[in-house]
Amino acid sequence: MTARVGVVTFPGSLDDGDAARAVRIAGAQPVRLWHGDPELHGVDAVVLPGGFSYGDYLRCGAIARFAPVMETIVDAAAGGLPVLGICNGFQILCEAHLLPGALTRNQHLHFRNRDQILRIESAGTAWTNAFQSGQEVLIPVKNGEGCYVADPATLDALEAEGRVVARYVGVNPNGSQRDIAAITNPAGNVVGIMPHPEHAVEALTGPSLDGLGFFTSVLKHLVGAPA
């Protein structure tokens with residue numbers, strides 16, 4: 001049976017279509033989920049896409065965290081549902097306390113849009129098992145508030161527990177502490193990533209096909225997950 005991967009649309013989402021296309025290219029069935037509908041409609045995994053949910057008022061992701069669909073996703077994630085938050089989705093995961101820390105304004109105070117090399121630090125998550133630890137990938141980054149910050153104890157815990165999923169290589173585009181580009185929760189089913197793997201799944205439109213591995217990883221995870 002084809003896996004069903006939900007892609008949430010919030011008011012202000014702009015990469016939901018790209019995320020759905022990436023899911024389809026990976027071999028799964030994309031299921032469009034609406035922010036105001038708490039039902040997940042039987043999906044096997046969820047992607048929170050990039051954009052400017054609710055206009056990024058208050059803080060990025062602060063209003064989306066209270067959307068009806070997020071209440072269901074928070075509960076489902078605690079039960080093991082794989083959830084990937086991309087850019088604004090990463091911000092929402094932090095606001096929902098599914099991931100620690102926060103995403104703040106880029107240190108240089110400028111929006112950055114560029115192709116970025118990342119190093120995969122953890123291949124043990126539901127969203128990165130198609131990679132090798134230490135593998136370098138090239139995917140786009142585009143954000144104005146992508147600087148990952150946390151208190152020293154949290155950063156040390158992320159390092160010690162192997163929960164840093166990816167780091168920026170070369171230039172750090174936003175000043176994220178310890179060059180962190182992506183992190184995971186202790187169970188490895190929830191991942192937040194600031195760069196955009198959904199923009200690197202086709203040769204025609206992306207700088208590489210390296211982003212596809214994030215989406216094929218979850219399919220591999222679902223096949224191996226207990227029924």
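Me: In what order do the 9 strands of the open sheet stand?
Reply: This is a predicted model, in which local features need pLDDT of at least 70 and side-chain atom pairs count only at pLDDT 80 or more, while totals for chains, interfaces and linings use all residues. Residues are numbered from 1 along each chain as its sequence is written, and side-chain values use heavy atoms, with hydrogens and water left out. Helices (H or I, at least four residues) and strands (E, at least two) are DSSP runs numbered from the N terminus, and two strands pair if DSSP finds at least two bridges between them. The pairing is mixed, and the order is β2-β1-β3-β4-β11-β10-β9-β6-β7.

Me: Which strands stand at the edges of the sheet?
Reply: An edge strand here has a single partner strand, so one side of it is left without a neighbour in the sheet. The strands in this position are β2 (29–34) and β7 (136–143).

Me: Which residue in β7 is the bridge partner of Ile 117?
Reply: Strand β6 (residues 112–120) runs antiparallel to β7, and 8 bridges join the two. In β7, the bridge partner of Ile 117 is Leu 138.

Me: Is Thr 9 buried or exposed?
Reply: Thr 9 lies in strand β1 (residues 4–9), and its side chain makes a polar contact with the side chain of Asp 16 at 2.6 Å. A polar contact is a pair of N or O atoms within 3.5 Å; within protein, one must be able to donate a hydrogen and the other to accept it, and residues adjacent in sequence count only if both atoms are side-chain atoms. Buried means under 20% relative accessible area, exposed over 50%, and partly exposed in between (1.4 Å probe, protein chains only). Because its relative accessibility is 15%, Thr 9 counts as buried.

Me: Which backbone oxygen does the side chain of Asn 129 reach at 2.9 Å?
Reply: Asn 129 is in the loop between β6 and β7, and at 18% relative accessibility it counts as buried. Its side chain reaches the backbone oxygen of Ala 126 at 3.4 Å. At 2.9 Å, the side chain of Asn 129 reaches the backbone oxygen of Ser 217.

Me: How are α1 and α5 oriented to each other?
Reply: Axes are lines fitted to C-alpha atoms, for helices over the stretch in contact, and angles run from 0 to 180 degrees between N-to-C directions. Helix α1 (residues 16–26) and helix α5 (residues 212–224) pack at about 60°, with their axes 9 Å apart. Angles under 35 degrees count as roughly parallel, over 145 as roughly antiparallel, 65 to 115 as roughly perpendicular and the rest as oblique. Helices α1 and α5 are therefore oblique.
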